Amino acid sequence: MDYDKTVHSLKCPKCSHGMTEISHEDVVIDRCTHCEGIWFDDDEAHVLKLKAGSETVDSGHAKEGWKWDSRTDIDCPRCGKLMEKSADSSQKHIWYEVCEDHGIFMDAGEFTDFKEENLLDWFRGIIKGRRGRTAP
Ligand SMILES: [Zn+2]
Ligand SMILES: [Zn+2]
C-alpha cells in the first residue's frame, strides 16, 4: 500500500510503501504493508526476541525478504541518514540495516531466523553446561 502519512506510522526504507504498527505484548514495532520488512526502534528486536510467540509479528515470507535483501542503500525512516549493513554479533549469517541512533530494519523472515537461531544456541549452551558438570 502506497505510503500515506494519515494512515501509516512510517515509510518503509526498503520499498517506500507504508508501514503500520504491530504490537506484541508491550512492544510496538512497524511492519511494511508491502515487503513486510520490520522496523525496530532502539533495541526492540532484542526485547521482542525474549518474548514467547513474538515470531508471529514476522508474518512475511523469507522468500519475499530475499527479494529485497540485495537492496542495501537504505535510509533510516526516522532521520533519513544512510543505514549501515551489520551482521549480528552472535549470528554472523544474519545481516540487517542499522541506524546507530534509531534502530534496526530486518527483511521479512529475518526476525524469525534471529529468534530461532538464538533458541538453538541456548539449547546448545545447556547441553554444554550439563556435560561440563558431569565431566570428571
Ligand atoms: Zn517495504
Ligand atoms: Zn536514524
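Colleague: What should I know before reading the residue labels?
Modeller: Residues are numbered from 1 along each chain as its sequence is written, while chains are lettered from A and ligands numbered from 1 in the order in which they are written. The model is predicted, with local features needing pLDDT of at least 70 and side-chain atom pairs counting only at pLDDT 80 or more, whereas totals for chains, interfaces and linings use all residues.

Colleague: What is the strand order in the open sheet?
Modeller: The seven strands follow the order β1-β2-β3-β4-β7-β6-β5, with antiparallel pairing. Strands are DSSP E runs of at least two residues and helices are H or I runs of at least four, numbered from the N terminus; two strands pair if DSSP finds at least two bridges between them.

Colleague: Which strands stand at the edges?
Modeller: β1 (10-11) and β5 do; each has a single partner strand, so one side of each is left without a neighbour in the sheet.

Colleague: How many bridges link β5 and β6?
Modeller: Four, in the antiparallel sense, with β5 covering residues 84-87. Lys85 stands opposite Glu97 in β6.

Colleague: And what do β6 and β7 form?
Modeller: A hairpin with three residues between them. Three bridges join these antiparallel strands, and Cys99 is partnered with Gly103 in β7.

Colleague: Changing topic, which residues touch the most other members of the largest nonpolar core?
Modeller: Ile38, Ala45 and Met106, out of 22 residues. Such a core is a set of buried Ala, Val, Leu, Ile, Met, Phe, Trp, Tyr and Cys residues joined through C-beta atoms within 7 Å; buried means 20 or more other C-beta atoms within 10 Å of the residue's own, placed from the backbone. Elements giving two or more residues to this core include β4 (38-41) and α3 (110-134).

Technical notes
Buried ≥ 20, exposed ≤ 12 C-beta atoms within 10 Å, placed from the backbone.
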